[in-house]
Amino acid sequence: MSYLRLEKAVMTNLQESLRRELLRTNRSGAYSSSTLVDCNTRKYHGLLVVPVPELDDENHVLLSSLDCTVIQHGAEFNLGLHKYQGNNFSPNGHKYIREFDASSVPTTTYRVGGVILKKEVIFQHYEDRILIRYTLVDAHSATTLRFRPFLAFRSVRQFTHENMTASREYHEVDGGIKTCMYAGYPDLYMQFSKKNEFVFQPDWYRGIEYPKEQERGYASNEDLYVPGYFEMPIKKGESIIFSGSTSQIKSSSLKKLFDAEVEDRKPRDNFYHCLVCAAHQFHNRMPNDDRYLLAGYPWFKCRARDTFIALPGLTLSIGEVDYFEMVMKTAEKALREFMADKPISGKIYEIEQPDVPLWAIWAIQQYVKEVGVDAGFKKYGKLVSDIVDFIIKGKHPNLRLDENGLLYSNGRDKAVTWMNSTANGKPVVPRSGYIVEFNALWYNALKFCAAMKAEQGKAKDAEALEKRAQLAKTSFVETFVNEYGYLLDYVDGNMMDWSVRPNMIFAVALDYSPLSQDQMKSVVDICTRELLTPKGLRSLSPKSGGYNPIYVGPQTQRDYAYHQGTAWPWLGGFYMEACLKLYKRSRLSFIERQLVGYEDEMDYHAIGTISELFDGNPPFHGRGAMSFAMNVAEILRTLKLMDKYSYQK
């Protein structure tokens with residue numbers, strides 16, 4: 001039985017199928033995404049969504065969808081599906097779906113009377129090209145296929161509406177046509193592997209509605225332009241390939257290309273393989289060969305903090321050391337430009353956030369554990385040393401090293417931590433002063449750097465760093481440990497945040513902890529009792545004031561819930577690492593049960609990947625972005641940690 005196979009009963013029930021999304025990506029940041037029944041429910045959905053750097057830094061929906069109609073004996077059966085205002089769906093093509101299978105190539109099988117049509121969809125790895133193969137599995141009489149493309153040519157953050165500016169011009173090309181609705185956009189090439197007739201029949205389909213945008217309190221309606229339709233006969237057993245791209249291709253090569261792309265795909269036949277495939281979707285390669293990790297789909301770009309947190313899990317945990325090095329090469333360049341107070345030349349955003357250098361050291365620490373001390377220190381030892389010196393010398397604009405050995409950061413007016421939601425121009429959670437994970441990371445960085453110096457025979461430097469680490473350790477315990485057995489979230493003068501939040505888990509999970517064994521166990525116990533869910537750690541305990549666990553509604557409402565009780569799988573990764581660190585193999589079965597909560601997601605929200613965040617209360621619905629790098633990364637890292645502890649005596 002296939003791992004990611006959904007039956008007719010699920011696919012034809014729109015309450016079930018519309019909440020399930022499918023994401024296909026390439027390495028340029030382009031993607032293809034919709035629901036499993038090909039009914040777009042977000043403005044970010046589209047069959048061909050590509051970056052257009054000549055216009056801006058956003059992705060753009062060129063080809064929104066492609067409706068296929070089966071014609072027999074003059075009767076037409078449209079397999080498409082669109083939602084219009086008033087909860088009206090048309091043309092209801094989902095009722096013909098017999099099954100869906102995404103274990104290899106996402107495949108939908110339709111049955112219309114005696115016709116069985118199979119549709120397989122692939123996004124080409126290194127080109128902005130969507131490929132769809134239609135195979136007529138069975139038919140008892142002459143069959144014709146008609147394809148109607150719905151065009152948008154707009155940013156993923158906007159909508160298109162009927163207008164007189166849109167160009168209706170098109171040109172015939174090998175196997176199809178090319179067209180471009182607006183100046184500045186690339187041509188869209190729509191080609192088939194089989195000779196076809198294109199019938200120019202321009203029209204606007206008005207009032208298409210996106211319920212996900214409605215839920216999020218945004219505008220939700222647009223009009224899509226249909227230039228006409230393609231038509232061709234198809235015989236039983238025959239396959240026809242469609243290509244939608246920003247570049248032309250020989251139509252005769254489409255079948256060979258599709259087969260090659262299928263051969264290159266790894267099966268999603270179990271939980272681990274799904275996560276590996278999801279990890280590869282975050283890869284981003286620029287024309288200058290810079291390598292990045294996108295923070296998530298469909299709207300996130302490359303963010304510095306996300307990059308360093310996700311990097312070990314998305315690369316080292318699946319044996320891809322070379323990709324770690326490629327991404328780190330790009331990231332190191334950006335870090336050094338920032339530390340030298342130079343403009344950032346790459347596409348990494350938020351490099352100025354004060355904890356970013358600390359997370360970079362943590363990522364390198366994971367690399368050293370993977371490749372060995374000699375190779376790791378040789379490659380990144382100078383970077384680690386330079387970052388620590390940069391912080392000690394007070395060169396970071398928002399990271400001050402105080403006499404007590406702790407790092408102070410001002411986050412009152414602008415969010416500086418991963419809890420970065422804002423409302424009315426102010427942080428919803430104004431974490432400022434001595435921030436608990438900043439200082440846990442700092443202690444860890446000092447100890448790691450000291451060990452590196454000692455290994456390199458630089459005893460004097462190592463001793464100086466150990467002295468700083470000891471001071472930081474003493475101050476950390478005095479500042480953050482409270483009489484209730486957990487850690488304060490941040491301390492700013494007389495302001496102490498007593499909220500029970502997950503950020504204290506880092507003080508246990510990191511390789512070097514400033515806490516005693518009993519203190520670490522107490523922190524884990526409280527996280528288990530008050531923060532743990534099947535989808536990771538809550539961002540706030542239900543017992544703390546302001547608990548708001550359901551991430552729904554308009555933007556402001558969601559901003560107030562974003563870090564006030566929602567659950568985050570990536571935090572769960574550090575929690576599970578802390579459990580294994582403290583209790584070793586005795587917690588393996590517990591961790592396995594915890595991972596079941598993530599495996600349940602493989603066929604529920606975005607197929608084969610993990611959503612950005614989850615409601616903090618049952619039934620723990622996935623919310624936000626459909627695929628989030630840090631979540632996938634930390635689950636992969638947890639799986640590798642489990643292997644490590646399984647073999648320990």
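**Exercise 1.** In this predicted model, determine how many residues line the largest pocket and which of them lie nearest its centre.

*Solution.* Step 1: the lining of the largest pocket consists of 32 residues. Step 2: Trp299, Phe300, Arg303, Asn420 and Tyr562 are those that lie nearest the centre.

**Exercise 2.** State which helices each supply at least two residues of the lining of the largest pocket, and how the lining divides by class.

*Solution.* Step 1: the helices are α6 (304–315) and α14 (555–561). Step 2: α14 gives the largest share, three residues. Step 3: sorted by class, the lining comprises 12 nonpolar, seven polar and 13 charged residues.

**Exercise 3.** Give the strand order of the open sheet of nine strands and identify its edge strands.

*Solution.* Step 1: the order is β1-β9-β10-β11-β12-β19-β16-β15-β14, with antiparallel pairing. Step 2: β1 (5–7) and β14 (170–173) each pair on one side only, so they are the edge strands. Step 3: on average, neighbouring strands of this sheet are turned by 15° against each other, direction ignored.

**Exercise 4.** Describe how strand β11 is joined to strand β12, and state which helix lies across both.

*Solution.* Step 1: β11 (residues 115–123) and β12 (residues 129–138) run antiparallel and are joined by eight bridges. Step 2: within this pairing, Val121 stands opposite Ile132 in β12. Step 3: helix α4 (residues 254–264) lies across β11 and β12, and also across β16 (188–192) and β19 (239–245). Step 4: α4 runs at about 100° to β12.

Key. Residues are numbered from 1 along each chain as its sequence is written. This is a predicted model: local features need pLDDT of at least 70, side-chain atom pairs count only at pLDDT 80 or more; totals for chains, interfaces and linings use all residues. Side-chain values use heavy atoms; hydrogens and water are left out. On a 1 Å grid over the protein atoms alone, a cavity is a set of points where a 1.4 Å probe fits but cannot get out, and a pocket is an open set with protein on both sides within 12 Å along at least five of seven lines; lining residues have an atom within 4 Å of a point. Helices (H or I, at least four residues) and strands (E, at least two) are DSSP runs, numbered from the N terminus. Ala, Val, Leu, Ile, Met, Phe, Trp, Tyr, Cys and Pro count as nonpolar, Asp, Glu, Lys and Arg as charged, and the others, Gly among them, as polar. Two strands pair if DSSP finds at least two bridges between them. Axes are lines fitted to C-alpha atoms, for helices over the stretch in contact, and angles run from 0 to 180 degrees between N-to-C directions. Contact means heavy atoms within 4.5 Å.
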